[in-house]
Amino acid sequence: MWPTWPGETVGAVRAIVLVVLGTFLMTLSAKVSLPLPYVPMTLQTLVVLMIGAAYGWRLGSATMIAYLAEGALGAPVFAGPVGGIAPLVGPTAGYLFGFIAAAFVTGWLAERGWDRSVMLLFAAMAAGHLVILAAGFGWLAFGLGLGLAKAWQVGIVPFIAASLVKNALGATLMPAARRLIERRR
């Protein structure tokens, strides 16, 4: 995301700026929300996966942890004007905690070159989406006790098409952004 030149190290100030930028983008993406019965559809998953791909697994995961911490401390960073512990123990909890693992997986794959091709980046983002959906499904089914069928119906099915669209969007935007940044060098 922030270009480095040979021999340059990633400094603490740079990492802090990127984490703050990432949590700000996560907050904005949470506000683009389509209310559904249990879990709203937002642009958060797109931003999670793009942050993972752009920042790498370490800084991407740290950004998601910082985002959840901001929310837990009461900042209204989640979908709707919501902050505090409730979203972290309610129906959205699995998805929110899945953001950390998704940023990790997508960032790890991106660091291994999966961000250099639209098709590979689509696959890396699909893996990240699967992690988020699996965490959300597991929490709805077992944590909230909705059962497998109901969790599938409300926690997976409404998000399949949107996940594919977000993957395609992210996989085309990231290489374009990389080319733009590399031109500035």
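**Exercises: salt bridges and a pocket**

Asp 115 is buried, because its relative accessible area is 7% (buried: under 20%; exposed: over 50%; partly exposed: in between; 1.4 Å probe, protein chains only). The model is predicted: local features need pLDDT of at least 70, side-chain atom pairs count only at pLDDT 80 or more, and totals for chains, interfaces and linings use all residues. Residues are numbered from 1 along each chain as its sequence is written, and side-chain values use heavy atoms, without hydrogens and water.

**Exercise 1.** Find the salt-bridge partner of Asp 115 and classify Arg 116 by accessibility.

*Solution.*
- Apply the criterion: a side-chain nitrogen of Lys or Arg within 4 Å of a carboxyl oxygen of Asp or Glu.
- Asp 115 pairs with Arg 116; their closest N and O atoms are 3.7 Å apart.
- Arg 116 has a relative accessible area of 55%, so Arg 116 is exposed.

**Exercise 2.** Count the salt bridges and describe the one formed by Glu 111.

*Solution.*
- The structure holds 2 salt bridges.
- Glu 111 meets Arg 112, N to O, at 3.9 Å.
- Glu 111 is partly exposed because its relative accessibility is 40%.
- Arg 112, at 44%, is also partly exposed.

**Exercise 3.** Characterise the lining of the second largest pocket.

*Solution.*
- The lining has 25 residues.
- Val 39, Pro 40, Gln 44, Thr 92 and Tyr 95 lie nearest the pocket centre.
- By class, 17 are nonpolar, 7 polar and 1 charged (nonpolar: Ala, Val, Leu, Ile, Met, Phe, Trp, Tyr, Cys, Pro; charged: Asp, Glu, Lys, Arg; polar: the others, Gly among them).
- A pocket here is an open set of points on a 1 Å grid over the protein atoms alone, where a 1.4 Å probe fits, with protein on both sides within 12 Å along at least five of seven lines; lining residues have an atom within 4 Å of a point.
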